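Student: Hi, could you walk me through this one?
Tutor: Happy to; here it is.

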Amino acid sequence: MISFKGVGVAPGRVLGPAMTMPAALEAPAAGMPLAEGQLPEAAISQLQEAAEAVRDELKQRAEAASGEARAVLEATALMATDSMLLKSARQKITSGLHPERALWEAAEEVSAMLQRLGGYMAERSRDVQDVRSRVIARLRGVPAPGIPDSLEPFVLIAADLAPADTATLDPAKVLALVTAEGGPQSHTAIIARALGLPAVVAARNDASAGPPVTEIEDGSSVYVDGTAGELRTNPGTREEELSAVWAEQASQLQNFDGTGRFADGREVPLLANVGNAAEAVAAAEASAQGIGLFRTEFLFLDRDSEPGAAEQIAAYRSVFEAFPGKKVVVRTLDAGADKPLPFLSDAEEPNPALGVRGYRTELTSTGVLPRQLEAIAQAAAGSDAEVWVMAPMISTPVEAAEFSELCRRAGLGDSVLVNQQNAVPKTRVGVMIEVPAAALRAEQVLDRVDFASLGTNDLTQYALAADRQLAPLAHFNDSWQPAVLALVKMTVAGAKAAAETTGGQDGAKPVGVCGEAAADPALAVVLAGLGVTTLSMTARAIPAVAAVLRSIDSRTAQELAEAALAAPSAEAARETVRAALPVLESLGL
Ligand code: PEP
Ligand code: MG
């Protein structure tokens with residue numbers, strides 16, 4: 001038996017035959033010239049034809065796919081004939097390079113430029129490399145790299161997966177994903193979680209000099225544990241038992257009865273994080289109790305100008321429609337750092353995470369936020385959803401008051417106001433708490449608004465002063481850090497104190513969590529134990545979180561929260577809490 005250890009990014013234990021993705025194409029030699037006698041014009045049209053053929057093939061696959069897979073394939077198809085990419089390749093052919101080499105170099109340049117832009121643009125660089133391989137394979141007359149075909153379900157092993165590959169993954173054929181590269185935020189990890197496939201990234205041979213995971217022979221039997229982050233070859237009876245138990249438990253994890261609660265009945269509504277209408281519909285199908293975070297910037301990532309009112313209203317309304325009568329928390333545009341929006345962010349900022357991002361873009365692009373609030377008010381007016389609105393990256397009570405005032409002017413807020421011809425239904429105004437300064441002044445911040453939602457992804461990066469995108473700092477970017485938990489506790493206490501001074505009901509103003517922390521079932525217990533009122537996460541994670549909450553009473557959750565707070569490190573906090581939750585082991589979480 002050979003063991004590989006990596007980072008488990010999606011839970012599950014399965015056995016199956018391994019299949020490895022073919023290795024990437026070899027680079028054409030540096031300086032490779034045009035074939036003898038070939039005219040640049042002929043080489044240019046050869047390249048253009050190959051690029052168009054790849055585009056058409058990807059488009060066809062897009063038409064056969066649906067949802068996110070379709071969107072990813074459509075985006076990759078467009079990249080195949082991207083004007084910047086092909087223009088640069090044409091120039092290189094004209095100066096004597098072979099079309100394969102010309103495209104190779106042009107793709108390197110475009111990809112490096114996208115990487116420099118960071119965030120979501122950087123992720124597009126994988127698309128560029130993917131279309132490059134496909135076009136070059138076509139120029140060479142060899143099969144395009146991609147997911148292997150098999151009649152039997154298999155464990156897919158790869159160096160890494162391109163968005164176009166993962167988009168066409170058939171979950172009925174692929175049992176698990178294991179990659180040698182990538183991290184917890186990589187595309188492979190996100191897709192695996194969305195498809196519910198067990199997955200391990202950054203898998204390394206336990207014997208440091210042993211062969212890499214990509215050299216496991218096709219067809220040989222392997223065992224994958226997506227929770228522990230392990231792959232083992234030649235599995236035995238122990239692994240067979242573990243995977244059989246998982247198969248049984250997994251069916252239990254498919255079902256969520258629609259109410260998040262502890263065993264003693266205390267309810268913790270489980271909401272979904274979404275970025276568009278398709279995700280909202282999927283969340284409603286998964287019985288999410290509402291939307292806790294609607295990331296509006298996801299709708300406009302590829303736009304270089306501010307979207308007009310009609311377009312915004314339609315986009316917001318399409319999400320509200322998925323949750324009639326239910327809460328939908330809309331976050332105003334959170335541009336900057338990992339989510340640059342060309343019409344709002346400054347790509348040249350030296351330190352984007354500490355820059356003009358989130359609510360702060362109103363300083364440099366004055367007017368965009370009030371116009372968005374108008375559009376949200378109009379969309380809310382025509383919808384049955386219970387619309388809540390919040391601003392990202394609020395740092396001070398002054399900003400909270402300013403945001404509240406902007407909302408009031410747009411007709412959003414406590415009282416029923418008339419906006420143009422439409423009566424705007426009662427909406428609630430809140431802020432995200434993701435800057436430590438806001439958590440430290442939570443009472444004063446919450447004095448000015450109706451609710452708060454903890455963005456633990458950013459709260460963690462700012463509390464630990466560690467860029468959330470940097471893999472070497474991943475151990476700091478762990479929301480189990482007791483310092484982060486202390487900020488959560490402080491925010492809950494601030495909400496209680498603010499409700500006392502402003503006469504709120506139920507003893508506190510609502511404080512939810514909408515960062516990734518809420519999707520970790522053990523951490524969800526701690527957050528609810530600290531007094532957080534709702535948890536919002538990717539819809540796929542809801543059944544697991546619900547199952548773990550149901551296994552204990554709220555008093556135990558409070559005790560576990562205190563234990564985590566008192567732990568000397570993130571690792572110790574996690575281990576202490578997990579050890580007290582045997583349900584995690586039995587559910588394979
Ligand atoms: C967060 O920071 O936790 C959050 C939910 O916002 P985002 O991840 O979009 O920055
Ligand atoms: Mg954030």
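Student: Which element gives the largest share of the shell around ligand 1?
Tutor: That would be α16, with three residues. Before going on: this is a predicted model, where local features need pLDDT of at least 70 and side-chain atom pairs count only at pLDDT 80 or more, while totals for chains, interfaces and linings use all residues. Residues are numbered from 1 along each chain as its sequence is written, chains are lettered from A and ligands numbered from 1 in the order in which they are written, and side-chain values use heavy atoms, with hydrogens and water left out.

Student: How many residues surround ligand 1?
Tutor: There are 14, and the closest are R295, R331, K339, N457 and R468. To be near, a residue needs a heavy atom within 4 Å.

Student: And how do they divide into nonpolar, polar and charged?
Tutor: Three are nonpolar, four polar and seven charged. Here Asp, Glu, Lys and Arg count as charged; Ala, Val, Leu, Ile, Met, Phe, Trp, Tyr, Cys and Pro as nonpolar; and the others, Gly among them, as polar.

Student: What lies 2.7 Å from an oxygen atom of ligand 1?
Tutor: A backbone N or O atom of N457. For D458, a polar side-chain atom is 3.0 Å from a ligand 1 oxygen, and for R331 a side-chain N or O atom is 2.9 Å from one. A polar contact is a pair of N or O atoms within 3.5 Å.

Student: How much of ligand 1 does the protein cover?
Tutor: It covers 99% of the 290 Å² of accessible area that ligand 1 has on its own (Shrake-Rupley, 1.4 Å probe). Two elements give two or more residues to the shell: β9 (290-295) and α16 (456-463).

Student: Okay, zooming out. How many helices and strands are in the chain?
Tutor: It has 22 helices and 17 strands, taken as DSSP runs: H or I of at least four residues for helices, E of at least two for strands. The chain is as compact as a globular protein of 589 residues, because its radius of gyration is 25 Å, close to the 25 Å from the globule rule (C-alpha atoms; 2.2 Å times the number of residues to the power 0.38).

Student: What share of the residues is buried?
Tutor: 52% of the 589 residues, where buried means under 20% relative accessible area.

Student: Last one: what caps the N-terminal end of α9?
Tutor: N276 does, with a side-chain oxygen 3.2 Å from the backbone nitrogen of A278. After α9 comes S287, whose phi is positive, near 65°.

Conventions. Polar contact = N/O pair within 3.5 Å; in protein donor to acceptor, adjacent residues only side chain to side chain. Buried < 20%, exposed > 50% of the residue type's maximum accessible area, 1.4 Å probe, protein only.
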